[in-house]
Amino acid sequence: MAEDSGTMRTILRRALKSAGVTDVVEAENGAEAIDFFEEGKFDLVMADWNMPQKSGLDVARHIRSLDAKVPILMVTTEAERHRVVEAVQAGVSDYLIKPFTTEALQQKLNRFAVRT
Amino acid sequence: MTATKILEDSLWELVESIWSVLFSQPVIRAHKTDSAQELSGMTACVQISGAFCGVVTLSMTDEYARSAAATMLAKPNGSLTAADIDDAVGEICNILGGGVKSLLPAPSTLSLPHVERKQTTANGNAAGRLTAHISFQCAGEPFEVRVIEEASERGPNETLDS
């Protein structure tokens, strides 16, 4: 999970927990997320778009250069169509607009079959 | 109907929707305060740059900021640090700013949120034209949202209402 807001990380962690996902690695910015990804193995990457150092788009592009398959879920306030297209072109697999409900996140997780 | 009125109506729907998801609480549109004044307490702002250049500000009392942060973090009010509250208010403003950006001319980019714990100028320290200003109440506490278009390369008579 790459998200610069501690509040949003808490909300995401809570929503993931209620969906049964507890094994979560948290990065506070895009650069940290890239470092974590290069060191570990992940079933899903969730990234905010607007983050310091490296954006979620930078994260998606970097991860796609290393791994063509891992699902990348962009969790962002960037709701315009052209931004969604930009994200998909960068390798993002799916998109969740903030604020989201736990049910909406669960649907995305189901799509990628992410479970504990 | 002016562009400002359309924006304020859309802003109202946006705030109602965001507050419903984040806080499960209804918001009511409150009597608009004097645009030269701002709620004392906290003001968060995000900058929009591109086809529209300006800022979105969210102002609220310290009491409401603490209450909102407590709800988002699912923590007791008394256990919150100033950093917790700043981050929560900044994130609300970030979500709000993203929504506002989608209502304005594209393409534009959104800055990271900035939070100030003091009474600021009516424009959240940004010089420009007040494009939209709505006052709300949630759980009896007031908060305000402003959209301010910065002075730009548009002509003197060329604004959102043009």
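Predicted model: local features only at pLDDT ≥ 70, side-chain atom pairs only at ≥ 80, totals over all residues.
Select A:Pro99 first, which sits in the loop between β3 (94-97) and α5 (102-112) of chain A, where helices (H or I, at least four residues) and strands (E, at least two) are DSSP runs numbered from the N terminus.

Residues are numbered from 1 along each chain as its sequence is written, chains are lettered from A and ligands numbered from 1 in the order in which they are written, and side-chain values use heavy atoms, with hydrogens and water left out.

Next, colour the two chains separately and look at where they meet. Chain A and chain B bury about 1,700 Å² between them, 59% of it on carbon and sulfur atoms, buried area being the accessible area (1.4 Å probe) that two parts lose on being put together, summed over both. The contact (heavy atoms within 4.5 Å) takes 22 residues from chain A and 22 residues from chain B.

Now display the side chains of A:Glu80 and B:Lys101, which meet in a salt bridge at 2.9 Å, N to O; the term stands for a side-chain nitrogen of Lys or Arg within 4 Å of a carboxyl oxygen of Asp or Glu. Across this interface the rule finds three salt bridges. Helices α1 (6-18) and α4 (81-89) of chain A are the elements that give two or more residues to the side of chain A that touches chain B, and α1(A) gives the most, with six residues. By class, that side divides into seven nonpolar, eight polar and seven charged residues, with Ala, Val, Leu, Ile, Met, Phe, Trp, Tyr, Cys and Pro counted as nonpolar, Asp, Glu, Lys and Arg as charged, and the others, Gly among them, as polar.

Stay with α1(A) and turn to the second largest pocket, to whose lining α1(A) gives the most, with four residues. A pocket is an open set of points on a 1 Å grid over the protein atoms alone, where a 1.4 Å probe fits, with protein on both sides within 12 Å along at least five of seven lines; lining residues have an atom within 4 Å of a point. Select A:Met8, A:Ile11, A:Pro99 and A:Phe100 with B:Val21, B:Leu22 and B:Met72, which are among the residues that line this pocket. The lining has eight nonpolar, three polar and one charged residues.

Two backbone stops follow. In chain B, a cis peptide bond joins B:Ala106 and B:Pro107, with omega about 0°, and B:Pro107 lies in the loop between α3 (82-101) and β4 (108-110). In chain A, A:Gln53 has a positive phi of about 70° although it is not a glycine.

End at helix α3 of chain A, where A:Asp58 and A:Arg61 lie three residues apart, about one turn of the helix. These two form a salt bridge, the closest N and O atoms being 3.9 Å apart.
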